[in-house]
Amino acid sequence: FRQSGVSAIHVMGRREDWYQYPEMAAAMAAVRQATAGADRVMTYGTSMGGYAALRFADAAGANAVLAISPQYSIDPRKTPFEKRWLQDGRRIQWLPEIDGRLVCGCRPVIVFDPAGEDGPHIRRIEAEIDIVSADLRYSKHPSTTFLVETGLLKSLVFDVLSGAFDADAFKREAGQRRRRSATYLSRLAELQPPRRRRTGMALAQRACEIAPNDPISLGVLGGYCGDVGDHDQAVALHERATDVSQRASNCLVSYGNALVAAGRVEEALPLALEVIGQLPEQAHLRAWHSLMLWRLGAVEEAIAAIEQAIVLDPHQASYRRTLERYREDVES
């Protein structure tokens, strides 16, 4: 942006609250005042940021919007199909002045993968506002990774900002470049049915050849190796994915699961503690840790871990059922 002479104001939340803050109106008024002399103002974001780009476009005085893989909402009362951020969706106090019916004075450009979990969100969005849909099948969530990998992100951003964006031409270009994309190939691999396991593994291997240091592709190939019983190779691939991702939480979880599948539960325990240290408020990680402890016969520790999960997410009935099962097994 700086090299192109474009100013940027970044709006950050204190946590993953989908911007449900009473002070957002004042924040957007400040943005609007700061950009009052600009010829073009665009809101721009990915995933939760894409939600914000849509929801605050009018308040920020935008005449262009680019939302990549956005959500309509993650309030479970409005989007019961959304399970990815269920704990946050139940925790957040949704403000009707922010999360109510969508209103947007300009026509947003929305880039997303219609084959993934984002499709239902986009259908809800376009039921309320007019959009320019740039659907990129098998570009995953968020589609930003695919756009960076194929060299399309910069031109997309500046074309939307200038008002010159051509959705059909953009989609044609993406279609021509996608076979060189590890993101695209690994997503295709993930979606293969069991009867096409050989095809899926070949796609995953090709993705790793294109991007040997891509943790997502390594993880997908590792999953296939685990499925066919090659647990040593699966563990090695997930370990590599964890290292090249600089120990990202999702890679740590997959690595831990691969160790458990290989019967190496004790080796998985430190990984569970590491990822819990990164994301201490995520209840599902405590439940995951609890199951490992239970498999090792550490009964009291397993019960304590599932009780922590219940404290963090008291609405998740499966945690209470797990606790009941533990106690019944102890009593028997």
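Predicted model: local features only at pLDDT ≥ 70, side-chain atom pairs only at ≥ 80, totals over all residues.
Me: What about S3, which way do its residues point?
Reply: Strand S3 covers residues 109-112; Val-109 and Val-111 point one way, Ile-110 and Phe-112 the other way, and all are buried. Strands (E, at least two residues) and helices (H or I, at least four) are DSSP runs, numbered from the N terminus.

Me: What is the strand order in the sheet?
Reply: The order is S1-S2-S3-S4, an open sheet of four strands with parallel pairing. Two strands pair if DSSP finds at least two bridges between them. S1 and S4 are the edge strands, each pairing on one side only. Direction ignored, neighbouring strands of this sheet are turned by 10° against each other on average. The axes behind that angle are lines fitted to C-alpha atoms, for helices over the stretch in contact, and angles run from 0 to 180 degrees between N-to-C directions.

Me: How many bridges join S3 to S4?
Reply: Four, and the two strands run parallel, with S4 at residues 132-135. In S4, Val-132 is the bridge partner of Val-109, and Ser-133 is that of Ile-110. From S3 the chain crosses through helix H5 (residues 119-126) to S4, and this β-α-β crossover is right-handed. Right-handed here means that, with the strands pointing away from the viewer, the path from the first strand over the helix to the second runs clockwise.

Me: And how many bridges join S2 to S3?
Reply: Three; S2 covers residues 64-68 and runs parallel to S3. Leu-66 has Val-109 as its bridge partner in S3.

Me: Pockets now. How much space lies in the second largest pocket?
Reply: About 880 Å³. A pocket is an open set of points on a 1 Å grid over the protein atoms alone where a 1.4 Å probe fits, with protein on both sides within 12 Å along at least five of seven lines; lining residues have an atom within 4 Å of a point. Grid points are joined across faces, edges and corners, and the volume is the space filled by probe spheres set on the points.

Me: Which residues are closest to the centre of that second largest pocket?
Reply: Ile-9, His-10, Met-42, Thr-43 and Tyr-44, out of 30 lining residues. Two or more lining residues come from each of helix H1 (24-34), strand S1 (42-46), helix H2 (48-55) and helix H7 (153-162). S1 gives the most, with five residues.

Me: How do the lining residues divide into nonpolar, polar and charged?
Reply: The lining of the second largest pocket has 21 nonpolar, eight polar and one charged. Ala, Val, Leu, Ile, Met, Phe, Trp, Tyr, Cys and Pro count as nonpolar, Asp, Glu, Lys and Arg as charged, and the others, Gly among them, as polar.

Me: Backbone next. Which peptide bond is cis?
Reply: The one from His-141 to Pro-142, with omega near -5°. Pro-142 sits in the loop between S4 and H6.

Me: Where is Ser-47?
Reply: In the loop between S1 and H2. Ser-47 has a positive phi of about 60° although it is not a glycine, and at 13% relative accessibility Ser-47 is buried.

Me: Is Gln-246 buried or exposed?
Reply: Exposed, because the relative accessible area of Gln-246 is 74%. Gln-246 has a positive phi of about 60° too.

Definitions and conventions
Residues numbered from 1 in each chain as written. Heavy atoms only, no water. Buried < 20%, exposed > 50% of the residue type's maximum accessible area, 1.4 Å probe, protein only.
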